[in-house]
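Please look at the model first.

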Amino acid sequence: MTALRPASAIILAAGVGRRLGADDRPKILLEFGGQTLLARHLAALAHHGITEVAITVGHQRALIEAEVARLGWSDRVRFTENPRYREGSLVSLRVQAERLRAGQTLLLMDGDVLYDRRMLAPLVEEPKGSPGGSMAGENLLLLDRNIEPGDEPVKICLRGDTIVDFRKKPEHAHDRYGESVGFFRFSAEMAAALAARCEAYVEAGRIQVEYEEAIRDLILAEPARFRAVDITALPWTEIDFPEDVTRAREEILPQLMDAAAPA
């Protein structure tokens, strides 16, 4: 049976970031503490032993490629072009179908997140007592209980310890919920199933839904194979709006264990 420790990561970084305003750089190239988000991602992944990375690119692809080269990662990063990057995140994940079907446990990560590198630990560690890879709860989502009200955050909804919904506007009854960080671990089998779900949405012309909808389908079909990990104690923020940049620099950055430090 395939081990649960991931061998590679997919980072989604193709979008335009319209809500940030005048800055035309990809969000993954925003700098915090003198390091781009991309540099911090790669350093955090290397710290946890992952050096195979696939990045979905689209908007300003050349700038991202140049930053990877500057960081000395050109031989470890594979770029996958999404020529339809303006159409949404589901299409950006769909173009990674080959990597999703590579037969490996992997991580999926949004590129526009500033976070403490310790947040990746539960995603990369082999669960105790499961050296060969248990089929129970092997696919992980990160959950933060400190969630702002409203429809913007993607919510992980639970009844007991079971995930019963995964949407900005949940439909199913639940006891509690938290915000999804946008980082996931998928077993080889579930990653392949995710590729199939993304393809089905694209083939049906439903390209405006976010990629979380494809993940939701898998969770609702086999909830016992998914588990939410509470990372509320660790600092992080998604960056969508100018005020998120300010919060990242003034509030989150000072709390981080430096993800840009050498692994």
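Aspartate 116 is buried, at a relative accessible area of 0%. Buried means under 20% relative accessible area, exposed over 50%, and partly exposed in between (1.4 Å probe, protein chains only). Its salt-bridge partner is arginine 118, at 2.9 Å, N to O. Arginine 118 counts as partly exposed, at 39% relative accessibility.

This is a predicted model, where local features need pLDDT of at least 70, side-chain atom pairs count only at pLDDT 80 or more, and totals for chains, interfaces and linings use all residues. Residues are numbered from 1 along each chain as its sequence is written, and side-chain values use heavy atoms, leaving out hydrogens and water.

A salt bridge here is a side-chain nitrogen of Lys or Arg within 4 Å of a carboxyl oxygen of Asp or Glu. The count by this rule is 23.

| Aspartate 112 | Lysine 27 | 2.7 Å |

Aspartate 112 and lysine 27 meet in a salt bridge. Aspartate 112 sits in the loop between strand 6 (106–110) and strand 7 (113–115), and lysine 27 in the loop between strand 1 (8–12) and strand 2 (31–32), so the pair ties together parts 85 residues apart in sequence. Strands (E, at least two residues) and helices (H or I, at least four) are DSSP runs, numbered from the N terminus. Both aspartate 112 and lysine 27 are buried.

Glutamate 81 is partly exposed at 31%, and arginine 61 is partly exposed at 28%.
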